[in-house]
Amino acid sequence: MASGSNEYEILIRSVETVVPTVLVQKHRLPLSNFDLLLPPAHARHYFCFQKPTPTTVSTKDASAGFITFPTMKVAALKAALSKVLVIYYPLAGEIVTNSAGEPEILCNNRGVDLIEAYADVELRKLNLYNPDDSVEAKLLPKDTKDTLCIQVTELRCGAMVVGCAFDHRVADAYSFFMFMSAWANIALNKPINQMPSFCRFLLSSRNISSSNSSDPIYDQIFTPLSLQPPPNPEISSETRVNHIYYISAVDIARLQELSSHSHSKIVCFIAYFWKILARTARRGEKLCSMGAVVDGRSFMKTVHGDNFMKNYFGNVLSVPFGNLQAKTLIHMTLAEVAEEVSKWLSPAKKEDHFLGLLDWVEAQRPKPIVSTAHLGDSNEEDESISCVVSSGTRFPEINFGWGNATFSSCHFPVREKGGYLFPILQSNTGDWVVYAQVAPRIVAAMEQEPTIFCPLRTLHEYKSKSSRARL
C-alpha cells in the first residue's frame, strides 16, 4: 500500500498583501460574546485542485491553454480576493486589544497576505495521512498572526493547493466557508449567495438578572481561564498527532443500525468514538470526557429570524460534553452510549441555551473563558481523558472555475491537551473524511480492527474507497 510523500522541497515565489478594491473607513468591530469563548488560535483549511481538463475548466479559460494554468489562476484568485474583501472587510483588518483587555477587530484595510509557492511533489503522491509532515508549514501559511493568511501552491503535476489560516476568534467553520464560497463566486463572475452580517448588537446579552445565565450547565461546559487546574505533567507532555481518515457511508449507516436507528449519524459516531476513547484510558484516568461542537444558527430563529443567523459572520458555537467512567463505557452497548450522548447534547440544541450562554459570558467579562471539554473535567481525585468532535459535517463545494476541490480538510497545530475530530461529509458519496488530532495511543485504538477508520494515505486511495464497508 502506497504511503504517499512527506519529503519534498517547497519554494516561496512571492508574498503579496492583497487589499480591498474599495477601502472602508477605519473603525473597530467588537467581538461577540460567542467569539470571546475562543482562544487566540488559528484554524487552517486547505483545498486540493487537480490540473483542469477541457471538461472541468470554464469556457472563458479554455482558450488560454493549460500550460499556464497555475500562473493564470493565481492572478485570478488575487483579483477576486481584492473584491471579496470589500464585502468581508473584517478579514482585511487586525486583531487588537481594547481598554478592557479584550480582543476586537481593527478594520483598517491592512489586507490579506497571499503567498505564492511551488512544491516539488505530485498531488496523487501527497501523503494525506500524515499532514504534520506533508501539509503543515509546506502547503499552509505558518506562524501567522494575521486575521487571514492564504497560500496558493503549484505542484509539480500542475495541480494547485489553496491553503488558508484564519483567526478562530473571528470566524467559525460555517463563516469561513461563507467567505470561501463568496470568493469562488466572484472568481466565476457569479453573484454572491449570502451577504454577510456583522451586526454584533443583535447578539447582545439580555437583562442578566432575569435570564437563565445562572444555569449551572454554563459553569460546567466553560471555565474561566484563571480557574483552570494545573496540568498533569504526564498527560500534558503526551504527544498529539494529526491524521486523516476515510469512513464509508455503509459503515456510518451500520453505526445507526447498531444504535437502534433512533439517533442521528453524528450522535452514533460520537458514541462509537467515546467507546474507543475509553479503551485507551491509562491508570489514573478514571473519567472519560467527550464533547461536541454545536452550531447555534439553526436554533436561534425566534429572536432574530432564520435569515439573520444564516448570514451571520462570526462564531455561534457551544461545546457541551459528558463524563462517564472509562470502565463503565467499555461495557456499555453502542445504543446505550448513544443515549448518553443524546442526554448531554440535546439541551444545547435549543435557542434558550445559546441566549443564556450570551448572558453568561457577559457576566464573566473581561475574564478569558475556555471550553471545559477541551481540558477534560478532571478533579482532585480523578484525571480524565478527553476529546471534542465537531458536529458540522456538511460544507459547500468550492470551485474557482477549474472544477470542485478534489480533496479538502482542516488542520490545527498540535495542542497540549485533549483531542479533536472534524468529520466532513462527501456530498457525492455520503462517505466521511475525518481529520483527527489525538495521542498515538488513541490512534492505535482507532485503527485496531474491526474499525470504521480507514487511514487515507494518498489521493488515489481517496478515489478508490467510495462506500467500502469495514465494520
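The chain holds 15 helices and 19 strands, where helices (H or I, at least four residues) and strands (E, at least two) are DSSP runs numbered from the N terminus. The model is a predicted one, in which local features need pLDDT of at least 70 and side-chain atom pairs count only at pLDDT 80 or more, whereas totals for chains, interfaces and linings use all residues. Residues are numbered from 1 along each chain as its sequence is written, and side-chain values rest on heavy atoms, with hydrogens and water left out. Of the 471 residues of the chain, 57% count as buried, a term that stands for under 20% relative accessible area, with exposed meaning over 50% and partly exposed what lies in between (1.4 Å probe, protein chains only). Among contacts (heavy atoms within 4.5 Å) between residues at least 6 apart in sequence, 81% join residues at least 24 apart.

Two packed helices are described by the angle between their axes and the distance between the axes; the axes are lines fitted to C-alpha atoms, for helices over the stretch in contact, and the angles run from 0 to 180 degrees between N-to-C directions. The crossing of helix 8 and helix 11 is right-handed, a crossing being left-handed if the near helix is turned anticlockwise from the far one by less than a right angle and right-handed if clockwise. On the side of helix 8 the contact involves V267, C268, I270, A271, Y272, W274 and K275, which meet L334, V337, A338, E340, V341, W344 and L345 of helix 11. By class, the residues of this contact comprise 12 nonpolar, no polar and 2 charged, with Ala, Val, Leu, Ile, Met, Phe, Trp, Tyr, Cys and Pro taken as nonpolar, Asp, Glu, Lys and Arg as charged, and the others, Gly among them, as polar.

Aromatic rings were examined next. A pair of aromatic rings is described by the distance of the centres and the angle of the planes. Rings of Phe, Tyr and Trp (its six-membered ring) pair if their centres lie within 6.5 Å, and planes under 30 degrees apart count as stacked, over 60 as edge-to-face and the rest as tilted; by this rule the count comes to 31 aromatic pairs. In one of these, F49 and W402 are edge-to-face, at 5.3 Å centre to centre and with 70° between the planes. This pair links distant parts of the chain, given that F49 belongs to strand 3 (residues 42–49) and W402 to the loop between strand 15 (383–390) and strand 16 (407–411), 353 residues apart. Both F49 and W402 are buried. The rings of F400 and W402 have centres 5.7 Å apart and planes at 25°, so this pair is stacked, and both F400 and W402 are likewise buried. One aromatic cluster is formed by F47, F166, F176, F177, F395, F412, Y420, F422 and Y435.

Several individual positions complete the description. V293, in strand 11 (residues 285–295), is buried with a relative accessible area of 13%, and V293 and S390 are 4.7 Å apart in space, C-alpha to C-alpha, while lying 97 residues apart in sequence. The peptide bond from R365 to P366 is cis, with omega near 5°, and P366 is placed in the loop between helix 12 (351–364) and strand 14 (369–371). A cis peptide bond also joins E449 and P450, with omega about -5°. N109, although not a glycine, has a positive phi of about 60°, and N109 counts as buried at 16% relative accessibility.
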